[in-house]
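Please walk through this fold with me, from one hairpin out to the whole chain. Keep the sequence and the 3D view side by side as you read.

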Amino acid sequence: MALVDAALRAIIATQKLSYAATVNPDGTPNLSPKGSIEAWDDRHVICADIASPATVRNLRANPAIEINVLDPFSRRGYRIRGRGTVKDAGPELEAVKGALTRRFGDLYPVTGVVVVEVTAVRAVVSPSYMFDPGAEESAIRREWMGIYKARPVEAD
Ligand SMILES: Cc1cc2nc3c(=O)[nH]c(=O)nc-3n(C[C@H](O)[C@H](O)[C@H](O)COP(=O)(O)O)c2cc1C
């Protein structure tokens with residue numbers, strides 16, 4: 001059974017921002033944004049190492065990783081658990097480099113790729129769905145798109 005299924009692929013493709021948690025040497029959590037997440041196959045996701053020294057250091061010592069990817073409008077997403085390996089060559093590296101180059105040219109120095117062997121995927125939803133039995137995704141999406149749209153472009 002595919003752990004990286006069509007629903008998870010869709011959210012990764014549309015959101016393009018995830019948060020990756022690894023374990024620091026002292027056991028504390030390290031939570032780090034990763035905009036380069038891509039689905040690789042039905043058991044792996046990948047992201048670029050551009051500027052993630054602590055994530056890479058942690059994975060080399062302990063492969064435990066959990067990644068969150070959420071749609072802030074529908075208030076739904078996934079928690080991806082797995083084992084992360086850092087590679088400095090190979091098709092996964094070429095894939096993340098290619099995706100970043102198509103979007104941003106050669107702006108980013110990609111020094112490696114984190115390849116996550118996915119061991120579990122759990123859907124996660126906002127409490128909006130849990131505590132309001134009539135909650136409809138379309139209404140929640142409209143409400144939150146309005147909230148984001150109403151935000152001033154410049155912070156005061
Ligand atoms: C929106 C956003 C997206 C980012 N995407 C990536 C990424 O895909 N790869 C990367 O290496 N760093 C990325 N970064 C930068 C790292 O998150 C940042 O350098 C962080 O401090 C690294 O922490 P770490 O060493 O604990 O991983 C991103 C930062 C932001 C704010």
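**A hairpin, its sheet and the ligand shell**

In the hairpin of E5 and E6, four residues lie between the strands, and arginine 75 there has a positive phi near 60°. The model is a predicted one. Arginine 75 sits in the loop that links E5 to E6. A phi near 60° is a positive value, and here it belongs to a residue other than glycine. Is arginine 75 buried, exposed or partly exposed? Around arginine 75, 19 other C-beta atoms lie within 10 Å. A residue counts as buried at 20 or more and as exposed at 12 or fewer. Arginine 75 is therefore partly exposed.

Strand E5 covers residues 64-71, and strand E6 covers residues 76-87. They pair in the antiparallel sense, over eight bridges. Alanine 64 has arginine 83 of E6 as its bridge partner. Isoleucine 65 stands opposite glycine 82, also in E6.

E5 has another partner, strand E1, residues 18-23. Four bridges join E1 to E5, and these two strands run antiparallel. Look for alanine 21, which stands opposite glutamate 66 in E5.

Step back to the sheet. Strands of a sheet pair through backbone hydrogen bonds, either parallel or antiparallel. Which order do the strands take here? Seven strands form an open sheet, ordered E2-E1-E5-E6-E7-E4-E3, with antiparallel pairing. Its edge strands are E2 (29-34) and E3 (38-41), and each of them pairs on one side only. On average, neighbouring strands of the sheet are turned by 35° against each other, with direction ignored.

Next, turn to helix H3, residues 91-104. How far apart should the ends of H3 be? H3 has 14 residues, and at 1.5 Å a residue it should span 20 Å. The expected span is 1.5 Å times one less than the number of residues. The end C-alpha atoms of H3 are 20 Å apart, which agrees. Glycine 105 follows H3, and its phi is positive, near 65°.

Then find the ligand. The shell around the ligand has 16 residues, and Ser32, Gly35, Ser36, Ser52 and Ala54 come nearest. Which elements give two or more residues to this shell? They are E2, E4 and helix H2 (53-61). E2 gives the most, with four residues. E2 is also one of the edge strands of the sheet. By class, the shell holds eight nonpolar, six polar and two charged residues.

Finally, take in the whole chain. It has five helices and seven strands. Along the sequence, they follow the pattern α-β-β-β-β-α-β-β-α-β-α-α. The C-alpha atoms fill a box of roughly 50 × 35 × 35 Å, taken along the principal axes. The chain has 156 residues, and 23% of them count as buried. Consider the contacts between residues at least 6 apart in sequence: 71% of these join residues at least 24 apart.

Technical notes
Residues numbered from 1 in each chain as written. Predicted model: local features only at pLDDT ≥ 70, side-chain atom pairs only at ≥ 80, totals over all residues. Pairing = 2+ DSSP bridges. Axes fitted to C-alpha atoms, helices over the stretch in contact; angles between N-to-C directions. Contact = placed C-beta atoms within 7 Å. Near = placed C-beta within 6 Å. Nonpolar A, V, L, I, M, F, W, Y, C, P; charged D, E, K, R; others polar.
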